[in-house]
Amino acid sequence: MSVRTTASHDTPTRRPARGAAHRARLAWTGALAAAALASTALAGPAVASTGTAGTGAASIGSADRGARHSATQRALDAAVADGVPGVLARADTRTGGWSGTAGLGDTATGRERGARDHFRVGSITKTFVATVLLQLEAEGRLDLDDTVDHWLPGVVSGHGHDGRRVTVRQLLNHTSGVHSYTADPDFQRKVFTTEFLKNRYRTWQPGELVAIAMAHEPDFAPGTDWSYSNTNYVLAGMVVEKVTGRPYATEIERRILRPLHLTDTRLPGTDPRLPRPSGRAYGVLADDPAQTVHDVTELNATMAGAAGSMISDAADLNRFFSALLKGRLLPPAQLDEMKTTVTPEGGEPGSGYGLGLEKTRLSCGTVVWGHGGGVHGSSSGAFTTADGTHSLALNFNADWTGDPGQVVEAEFCG
């Protein structure tokens with residue numbers, strides 16, 4: 001299958017998840033259709049929506065701003081009706097901000113979902129990592145067409161992998177062919193089945209995750225196809241450290257979080273906790289025939305690393321993506337590179353995957369840029385218009401049901 005590269009066009013079509021085992025394979029994909037985790041036969045805990053006026057919806061500014069987001073609030077309520085314990089969203093426009101919630105943040109205590117709750121953002125982390133690498137390119141410290149082996153000699157090798165043929169750009173747009181470590185059956189067993197309950201606090205090293213991928217053959221020859229691989233971004237994080245001498249988390253903090261005053265965003269390292277305020281995160285594990293809903297809030301996010309370890313809140317995500325699309329983080333040349341997208345033959349017209357940045361054409365024709373993210377007990381999305389003036393961030397505290405894409409459609413098309 002050939003891959004087309006276009007400026008701001010086209011993405012591969014992704015199928016919705018169809019069961020717990022399939023969802024495990026899609027973990028940390030970040031693609032909107034995958035992060036949606038479309039409804040299956042699994043049932044979540046029964047909770048009542050709190051998304052009625054005066055409880056779940058909170059407009060910041062005049063009352064008419066709340067009215068213009070009424071479709072979004074209805075989509076949040078519908079997600080809770082579909083079995084998601086609790087949901088939140090925040091929209092920011094030229095006229096101000098609006099926040100909406102529905103359902104529960106903690107089913108044990110009855111705590112309602114809070115608009116300012118922190119949550120794990122999964123693969124939205126990838127956009128931050130890609131931004132740092134593009135900044136380094138703008139500074140002349142690397143070239144995106146450098147080979148991975150130039151920066152990480154011998155790391156991408158084995159079973160047909162060859163880092164001398166893979167470029168940094170191919171890591172960022174998922175055309176490298178490097179196998180995803182999250183597709184490895186043994187890793188899936190340890191992390192996505194009931195074994196997660198005994199491995200949730202385990203620390204994983206980046207080199208360990210890459211070695212898991214290297215035990216498999218490449219998915220295809222570099223540059224000849226497209227396949228979402230979390231190994232790509234573990235490697236990207238390692239390149240950041242090799243170029244700068246500092247961990248990718250440190251570079252994200254000094255280059256993005258501090259300048260934009262994103263005080264509610266952090267890279268947790270080995271700390272398994274969510275910062276306050278936060279609710280709980282709920283998941284169904286892949287091999288559980290009883291489809292038990294577990295509290296999976298606490299985990300060691302090194303299992304995701306630079307591919308998906310970040311924690312944030314809705315306001316910070318909107319601020320980041322708005323600043324990115326407005327050109328506040330990258331020079332025009334690098335932003336253009338980031339927005340140059342790829343698709344395999346047969347991909348969905350009008351949408352695409354760039355360098356850590358998704359382009360999505362919605363049903364009404366509106367185009368938004370951003371990223372989705374899924375990790376244990378959390379499905380998230382953050383999207384903004386091309387001019388950065390209308391942004392939406394959302395989170396579902398469940399990984400087995402609900403469709404975040406419906407919230408995005410409601411906000412930008414409703």
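Mentor: Contact here means heavy atoms within 4.5 Å, and helices are DSSP runs (H or I, at least four residues) numbered from the N terminus. This is a predicted model, in which local features need pLDDT of at least 70 and side-chain atom pairs count only at pLDDT 80 or more, while totals for chains, interfaces and linings use all residues. Residues are numbered from 1 along each chain as its sequence is written, and side-chain values use heavy atoms, with hydrogens and water left out.

Trainee: Which residues of H5 and H11 meet?

Mentor: From H5 come Lys126, Val129, Ala130, Val132, Leu133 and Leu136, and they meet Asn230, Tyr233, Ala236, Gly237, Val239, Val240, Val243 and Thr244 of H11. Ten of the residues in this contact are nonpolar, three are polar and one is charged, where Ala, Val, Leu, Ile, Met, Phe, Trp, Tyr, Cys and Pro count as nonpolar, Asp, Glu, Lys and Arg as charged, and the others, Gly among them, as polar.

Trainee: Why are H5 and H11 called oblique to each other?

Mentor: Helix H5 (residues 125-138) and helix H11 (residues 230-244) have axes that come within 10 Å and cross at roughly 40 degrees, with axes fitted to C-alpha atoms over the stretch in contact and angles running from 0 to 180 degrees between N-to-C directions. Angles under 35 degrees count as roughly parallel, over 145 as roughly antiparallel, 65 to 115 as roughly perpendicular and the rest as oblique, and H5 and H11 are therefore oblique. Their crossing is left-handed, the term for a near helix turned anticlockwise from the far one by less than a right angle, clockwise being right-handed.

Trainee: What makes H4 roughly antiparallel to H15?

Mentor: The axes of helix H4 (residues 70-81) and helix H15 (residues 404-413) come within 7 Å and cross at roughly 165 degrees, which means that H4 is roughly antiparallel to H15. In this right-handed crossing, Ala71, Thr72, Ala75 and Leu76 of H4 touch Gln406, Val407, Ala410 and Glu411 of H15.

Trainee: Where does lysine 326 sit, in terms of helices?

Mentor: Lysine 326 lies in the loop between helix H13 (314-325) and helix H14 (332-338). Leaving aside its neighbours within four places in sequence, lysine 326 is in contact with Asp387, Gly388 and Thr389.

Trainee: How many cavities of 30 Å³ or more does the structure hold?

Mentor: There are two, a cavity being a set of points on a 1 Å grid where a 1.4 Å probe fits but cannot get out, with lining residues having an atom within 4 Å of a point.

Definitions and conventions
On a 1 Å grid over the protein atoms alone, a cavity is a set of points where a 1.4 Å probe fits but cannot get out, and a pocket is an open set with protein on both sides within 12 Å along at least five of seven lines; lining residues have an atom within 4 Å of a point. Grid points are joined across faces, edges and corners, and a volume is the space filled by probe spheres set on the points. Helices (H or I, at least four residues) and strands (E, at least two) are DSSP runs, numbered from the N terminus.
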